[in-house]
Each structure stands twice: as C-alpha cells, then as structure tokens.
Amino acid sequence: MVNTVAGWMIYTLWAIFGLMIVHFLISFFRTFWEGTFDFSFVLDYLKDVLYYILPLNVLVNLSSIDPTGWILVIFYFICGIAVILKYLLDFRKIFQ
C-alpha cells in the first residue's frame, strides 16, 4: 500500500487530520493561557470536518462511477493539497 494510489489517498487524509489536530492543540493552549477559553472554537473544527473532510470522502466514494478512473482521484489530490496548504498558511498566521 506504500506506493499505490489508495495508499497516497490515505496518507493525504492522515496529513489533513494531523495538521487539524496540531492546529486545534495550538488554539486550545493559546486560548487557555490567555484566559479567553471558550468552547466555540471547537465548532470551527467541526465545520472544517464538514466542509473539507466530508467532500473528500464523497470524492472517494464517487470514484467507482468515474469512467476514466483517474479524474476524481486527481481532483481528490488537488483538494487534499489545498486543505493541507490552508492549514500550513494558518500556522504561518498564528506564529507571526
């Protein structure tokens, strides 16, 4: 599974979840130490799962009806890389 397309799709999703968890922990500790702790920032991560992760899962499930077999896979990787870049740019904003 290391060099297969399915393996890279799983690694992409792991990277997104990993960046999401790191971003959550940074935000959690930052609000805790500043004294502005509120549970509403957790809802932003639930929105991210709904807006970013769920569509990627839909693309994976729709790949069986793709006549070429590679168009939706390429679109999955483009969208996955876009989400990864979103979180990396958010890290850049946090640490500036």
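Predicted model: local features only at pLDDT ≥ 70, side-chain atom pairs only at ≥ 80, totals over all residues.

Me: Ok. How many helices and strands are there in the protein?

Reply: There are three helices and zero strands, so the pattern along the sequence reads α-α-α, with helices (H or I, at least four residues) and strands (E, at least two) being DSSP runs numbered from the N terminus.

Me: And is the protein a compact globule or more spread out?

Reply: More spread out, because its radius of gyration is 16 Å, well over the 12 Å that the globule rule gives for 96 residues. That radius is taken over C-alpha atoms, and the rule is 2.2 Å times the number of residues to the power 0.38. The C-alpha atoms fill a box of roughly 55 × 25 × 20 Å along the principal axes.

Me: What's in the largest nonpolar core?

Reply: It has 17 residues, and Ile16, Leu56 and Tyr76 have the most contacts inside it. A nonpolar core is a set of buried Ala, Val, Leu, Ile, Met, Phe, Trp, Tyr and Cys residues joined through side-chain atoms within 4.5 Å. The elements giving two or more residues to this core are α1 (5-34), α2 (40-62) and α3 (71-94).

Me: Which one gives the most?

Reply: That's α3, with seven residues.

Me: What does Ile16 touch?

Reply: Not counting residues up to four places away in sequence, Ile16 touches Ile53, Leu56, Gly80, Val83 and Ile84. Contact here means heavy atoms within 4.5 Å.

Me: Tell me about Ile53 then. Where is its place?

Reply: Ile53 sits in helix α2 and is buried, with a relative accessible area of 4%. Leaving aside neighbours within four places in sequence, Ile53 is in contact with Leu13, Ile16, Phe17, Met20 and Asp48. Ile53 and Cys79 are 26 residues apart in sequence and 9.9 Å apart in space, C-alpha to C-alpha.

Me: Is Cys79 buried or partly exposed?

Reply: Cys79 counts as partly exposed, at 22% relative accessibility. This residue is found in helix α3 and touches Leu56 and Leu59, not counting residues up to four places away in sequence.

Me: Switching to Tyr45: which residues is it in contact with?

Reply: With neighbours within four places in sequence left aside, they are Met20, His23, Phe24 and Ser27. Tyr45 is in helix α2 and counts as buried at 11% relative accessibility.

Me: Last topic, charges. How many positive and negative side chains does the protein have?

Reply: It has 5 positive and 6 negative side chains, and the centres of the two sets lie 7 Å apart. Lys and Arg count as positive and Asp and Glu as negative, while His and the chain ends are not counted. The place of a charge is NZ of Lys, CZ of Arg, CG of Asp or CD of Glu.

Key:
Residues numbered from 1 in each chain as written. Heavy atoms only, no water. Buried < 20%, exposed > 50% of the residue type's maximum accessible area, 1.4 Å probe, protein only.
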